[in-house]
Amino acid sequence: MTRGAPDRRATSTHLDDLGLAVAVPDRIERVVSLVPSLTESVARSTPGLLVGATDWCGEPPGLEVTRIRGTKNPDLAAIVALAPDLVLANAEENRAPDLTALRDAGLAVWVTAPTTVDGALHSLDRMLRLACHLQRPPWWEQARALWSAPPPPGPRRRALVPIWRRPWMAVGHDTFTGDVLRRLGVDNVLADADQRYPRFDPATVPPHDLVVLPDEPYAFSPTDGPEAFTAPAVCVSGRLLTWYGPSLVAARTELAAALAR
């Protein structure tokens, strides 16, 4: 090695969102992301840093990286073969056994786990600065400023937020999605559920004013979902409602406008 050149094996230890110690290489040049919103966050901050991402990572458009299957069934051998300096994951999106296998293969795995908007911004800031060694990007500053504003004026509403049908499942307690809606003046009717994503019967849901239908993970649409409910339903972009990253810049204005219809 040339005298004075950085040693790529040198590491600094930081705690991820799970409180796990991650030996982060001092030089990060190759990143694999197992989460669409984290993929977008890195790609829009430093193009070219990503070398691998899931098949579901569709933002930004035209991203040219090696695809390593899905969030729940990543191709572990392909990830290891990419020799990434860092793997980005999420406690909700990715399975713990897969992340353990990647750690056992000697890879640095950084896991995020935010459940609020503020928590997401803090998590992204730490991930980008401590794990990826990047400067705080302009979109992060924009998102923080936008989401610091109070809820829109007017009475608060109660909403049911389905995420799946056959069986019906919805957003429950302690979720990022629930906090996004709360900040927009909409309270989740199932916020006190025992589970984060409980099953439910449309006929027995507590009284609510609105049904919010995202287009992911289930692809709800005006012709697939609203007919099952008596309350008014609005279809929204799942990226705006469930992703945390650059999407937060547009999410506040666009979701508020959709919910006001």
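The model is a prediction in which local features need pLDDT of at least 70 and side-chain atom pairs count only at pLDDT 80 or more, whereas totals for chains, interfaces and linings use all residues. Residues are numbered from 1 along each chain as its sequence is written, and side-chain values use heavy atoms, with hydrogens and water left out.

Strand β6 spans residues 86–90 (helices, H or I with at least four residues, and strands, E with at least two, are DSSP runs numbered from the N terminus). Because 5 of the 5 residues of β6 are buried, the strand is largely enclosed by the rest of the structure (buried means under 20% relative accessible area, exposed over 50% and partly exposed in between, with a 1.4 Å probe and protein chains only). Leu 86, Leu 88 and Asn 90 point one way from β6, while Val 87 and Ala 89 point the other way. Strand β3 (residues 31–33) runs parallel to β6 and is joined to it by 3 bridges (two strands pair if DSSP finds at least two bridges between them); Val 31 stands opposite Leu 86. A further 4 bridges join β6 to the parallel strand β7 (residues 109–112), where Trp 110 stands opposite Leu 88. From β6 the chain crosses through helix α3 (residues 96–104) to β7 in a right-handed β-α-β crossover (with the strands pointing away from the viewer, the path from the first strand over the helix to the second runs clockwise).

Within α3, the buried residues are Asp 98, Leu 99 and Leu 102. Seen down the axis of α3, they fall within an arc of 95°, so they line one face of the helix (the arc is that of the directions from the helix axis to the C-beta atoms). These buried residues pack against α2 (76–81), β6 and β7 (contact means heavy atoms within 4.5 Å). The face turned away from the buried side carries the exposed residues Ala 96, Pro 97 and Asp 104. Gly 106, which follows α3, has a positive phi near 95°.

Arg 126 lies in helix α4 (residues 117–131) and is buried, with a relative accessible area of 16%. Its side chain reaches the backbone oxygen of Leu 15 at 2.4 Å. Beyond neighbours within four places in sequence, the contacts of Arg 126 include Asp 16, Asp 17 and Trp 110. Thr 54, in the loop between β4 (50–53) and β5 (66–67), is buried with a relative accessible area of 0%.

Key:
A polar contact is a pair of N or O atoms within 3.5 Å; within protein, one must be able to donate a hydrogen and the other to accept it, and residues adjacent in sequence count only if both atoms are side-chain atoms.
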